[in-house]
Amino acid sequence: MTPAARNEAGGATTAGPSAGQKWRRLLRSFHRDIGYAVAAVTVAYAVSGIAVNHITDWNPNYVIAKERVTFAPLPPSDRDTMAAAVAERVGIEAPIKDAFRQSPTKITVFFEGTTVDADIETGVAIIETSRDRPVFRDLNFLHLNHAKGWWTWIADLYAAGLIVLAVSGLVMIRGRNGFGGRGKWFFALGVAIPLAFVVLRYLG
Amino acid sequence: MRRRLSFAFVCTAVLLLAGSAGLAADGQVFGKGLSGTETVALSALMAAPDEYVGKTIRVEGLVVDVCEKRGCWMELAGDQEFQSIKVKVDDGVIVFPVDLKGKRAVAEGEFTKIVLSAEQQKARMEHEKQEHGNDHAAGEPCEKDAKPGVIYMIKGTGAIVR
């Protein structure tokens with residue numbers, strides 16, 4: 001019996017939600033809960049996205065410091081003697097992990113967290129120290145899927161969640177603020193901007 | 001009680017997932033790891049490189065340099081001094097962290113020969129300068145001296161670092 005029929009029959013029932021209203025209510029619930037679930041990863045991916053977009057201007061993963069030092073030139077000798085002499089001349093007391101000679105006068109000496117690239121003939125050395133860039137290294141690790149394995153599936157699930165958010169966001173509001181109202185213009189803007197870059201790619 | 005169980009479940013899941021990341025008993029595994037290919041000494045490779053072009057080979061050595069920004073290559077020094085070879089991997093497929101420098105690695109992939117024109121050589125030198133900054137020790141070749149040449153590298157498919 002429809003609500004109208006019930007009214008005609010003298011029933012006291014009020015009109016329940018229509019199928020469309022039920023569907024929208026369900027969609028809003030989905031949209032809200034998926035939104036909670038993906039919020040953290042969305043922020044993480046967005047921050048990492050900005051960081052790696054500017055990779056030509058900075059190193060988003062590491063803080064690498066390079067210091068140029070000069071020292072009194074050294075005579076060429078065997079690798080281990082050269083490595084020890086360079087370490088002493090540049091003032092590094094940490095144990096030498098390993099060393100590599102690129103040529104009879106150029107040597108790279110490896111310490112824990114530090115690398116010294118030295119030219120014993122000219123007496124010029126570059127002392128390089130590197131450390132993880134806090135927070136960004138971890139965010140990039142997730143965003144660029146360096147984790148691989150299980151994270152690939154979790155990231156796929158997350159992407160599917162974003163698709164659900166996007167589509168449900170388009171249709172869950174009715175009226176003048178919905179897709180049929182002003183929404184379609186914002187949507188069109190969101191399509192037009194990336195589309196323009198794709199078109200320019202083919203024209204240029 | 002339920003809250004504690006939920007917390008324990010989340011902790012267990014995080015630990016299991018973290019444990020599944022690429023750490024093998026014999027070292028840190030990158031990409032597909034290693035197959036059964038025989039190891040070729042870098043000195044033998046450099047003595048007759050054209051014999052190995054197109055073949056899948058494995059080399060072992062000291063990691064002397066790593067791509068600082070993308071981790072898309074590492075350079076391995078071999079069994080003899082003054083010799084090294086670049087192991088180039090597809091961007092994002094394998095990522096070598098910079099802290100591999102000074103560690104021992106075994107890498108595998110296709111041995112590749114690339115013939116470069118003077119222009120390409122210049123572009124390559126400029127790119128390398130950009131990657132390293134202008135801070136290399138004196139005596140590095142300059143872009144204006146770029147000449148046509150041949151470079152050999154390994155298109156890496158996997159590696160293990162110890």
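Me: In what sense do strand 1 and strand 5 of chain A pair, and over how many bridges?

Reply: The general idea comes first: strands of a sheet pair through backbone hydrogen bonds, either parallel or antiparallel. Two strands pair if DSSP finds at least two bridges between them, and strands (E, at least two residues) and helices (H or I, at least four) are DSSP runs, numbered from the N terminus. In this predicted model, strand 1 and strand 5 of chain A pair in the antiparallel sense over nine bridges. For instance, A:Val63 stands opposite A:Arg131, and A:Ala65 faces A:Thr129.

Me: What should I keep in mind about the model and its numbering?

Reply: It's a prediction, so local features need pLDDT of at least 70 and side-chain atom pairs pLDDT 80 or more, while totals for chains, interfaces and linings use all residues. Residues count from 1 along each chain as its sequence is written, chains are lettered from A and ligands numbered from 1 in the order written, and side-chain values use heavy atoms, leaving out hydrogens and water.

Me: What is the strand order in the sheet, and which strands are at the edge?

Reply: The open sheet of five strands in chain A reads 1-5-4-3-2, with antiparallel pairing. Strand 1 and strand 2 are the edges, each pairing on one side only.

Me: How is strand 4 of chain A linked to strand 5?

Reply: Six bridges join them, running antiparallel; one bridge pairs A:Thr114 with A:Thr129. The two strands form a hairpin with four residues between them, and A:Gly123 in the turn has a positive phi of about 75°.

Me: Now the interface: how many residues of chain A and chain B are in contact?

Reply: Contact means heavy atoms within 4.5 Å. By that rule, 33 residues of chain A touch 29 residues of chain B. Buried area is the accessible area (1.4 Å probe) that two parts lose on being put together, summed over both. Here that comes to about 2,600 Å², with carbon and sulfur atoms giving 55%. On the chain A side, A:Ile55, A:Lys66 and A:Phe100 lose the most area, together 21% of what that side buries.

Me: How many salt bridges cross between chain A and chain B?

Reply: The rule asks for a side-chain nitrogen of Lys or Arg within 4 Å of a carboxyl oxygen of Asp or Glu. It finds four across this interface, including B:Glu81 with A:Arg101 at 2.8 Å, N to O.

Me: Which strand of chain A gives the most to the side that touches chain B?

Reply: That's strand 2, with six residues.
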